[in-house]
Amino acid sequence: MWSAAAAIFGEQSDLRVPWVRQRLDALWDGRVHEVITALELHRAKGEGVTDAITYMTNHQGKMAYANYRARGLQVGSGTIESSCKQIVSARLTLAGMIWDADGAEAVAVVRAWLKSNRWDEAMRLRPAPKRGYQRRATPANDAAAAA
């Protein structure tokens, strides 16, 4: 919105602030189509406006903020960004760490279980490890088994 407002009114114009606030209020209330219509009036002003129109048009189905709030869902990205930092970055980007995609995904899954306090549940879902060795028959083992 700010790039669009700068393209419409100029980078230093005081008119940008109320215009952007009106558009953000409309988005908050779930009136995405109204914002797109307002942007369309200024399409000829340049890339800032056309980029905003493209973004709003492509993502309007994801921008039902009023509906999300009514359902008690998060609207901002802070929770997801924090989760990414806690689950992925904190573990995968330590000094000397080099991961391929499969290894990184496996670590992320384990961290998600751990950080969501569902470790015990994860362990119950895990199949029992298969024994990777066979005990060799020796006279001592045979005597212990017979006793």
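Trainee: What share of the contacts in the chain with a separation of 6 or more comes from residues 24 or more positions apart?

Mentor: That share is 34%. Keep in mind that we're looking at a predicted model.

Trainee: Got it. What makes up the secondary structure of the chain?

Mentor: Nine helices and zero strands. Going along the sequence, you read α-α-α-α-α-α-α-α-α.

Trainee: Why is the chain called more spread out than a compact globule?

Mentor: Set the value against the rule: for 147 residues the globule rule gives 15 Å, while the radius of gyration of the chain is 28 Å, well over that, so the chain is more spread out than a compact globule. As for its extent, the C-alpha trace spans about 95 × 35 × 20 Å along the principal axes.

Trainee: And how much of the chain counts as buried?

Mentor: To count as buried, a residue needs under 20% relative accessible area. Of the 147 residues, 20% make that list.

Trainee: Now the helix pairs. Why are helix 3 and helix 4 called roughly antiparallel?

Mentor: Look at the angle: helix 3 (residues 32-40) and helix 4 (residues 47-59) cross at roughly 155°. Angles over 145 degrees count as roughly antiparallel, so helix 3 and helix 4 get that label. Their axes come within 10 Å, and helix 3 passes helix 4 in a left-handed crossing.

Trainee: Which residues meet there?

Mentor: From helix 3 you have Val-32, Val-35, Ile-36, Leu-39 and Glu-40, and they meet Val-49, Ala-52, Ile-53, Met-56 and Thr-57 of helix 4. Sorted by class, that contact has eight nonpolar, one polar and one charged residues.

Trainee: Is the crossing of helix 6 and helix 7 left-handed or right-handed?

Mentor: Right-handed. On the helix 6 side, the contact is made by Gln-86, Ile-87, Val-88, Ala-90, Arg-91 and Leu-92. Helix 7 brings Ala-104, Val-107, Ala-108, Arg-111, Ala-112 and Lys-115.

Trainee: How many charged residues does the contact of helix 6 with helix 7 have?

Mentor: Three, along with eight nonpolar and one polar.

Conventions:
Residues numbered from 1 in each chain as written. Predicted model: local features only at pLDDT ≥ 70, side-chain atom pairs only at ≥ 80, totals over all residues. Heavy atoms only, no water. Left-handed = near helix turned anticlockwise from the far one by under 90°. Helix = DSSP H or I, 4+ residues; strand = E, 2+ residues; numbered from the N terminus. Contact = heavy atoms within 4.5 Å. Nonpolar A, V, L, I, M, F, W, Y, C, P; charged D, E, K, R; others polar. Rg over C-alpha atoms; globule rule 2.2 N^0.38 Å. Buried < 20%, exposed > 50% of the residue type's maximum accessible area, 1.4 Å probe, protein only. Axes fitted to C-alpha atoms, helices over the stretch in contact; angles between N-to-C directions. Parallel < 35°, antiparallel > 145°, perpendicular 65-115°, else oblique.
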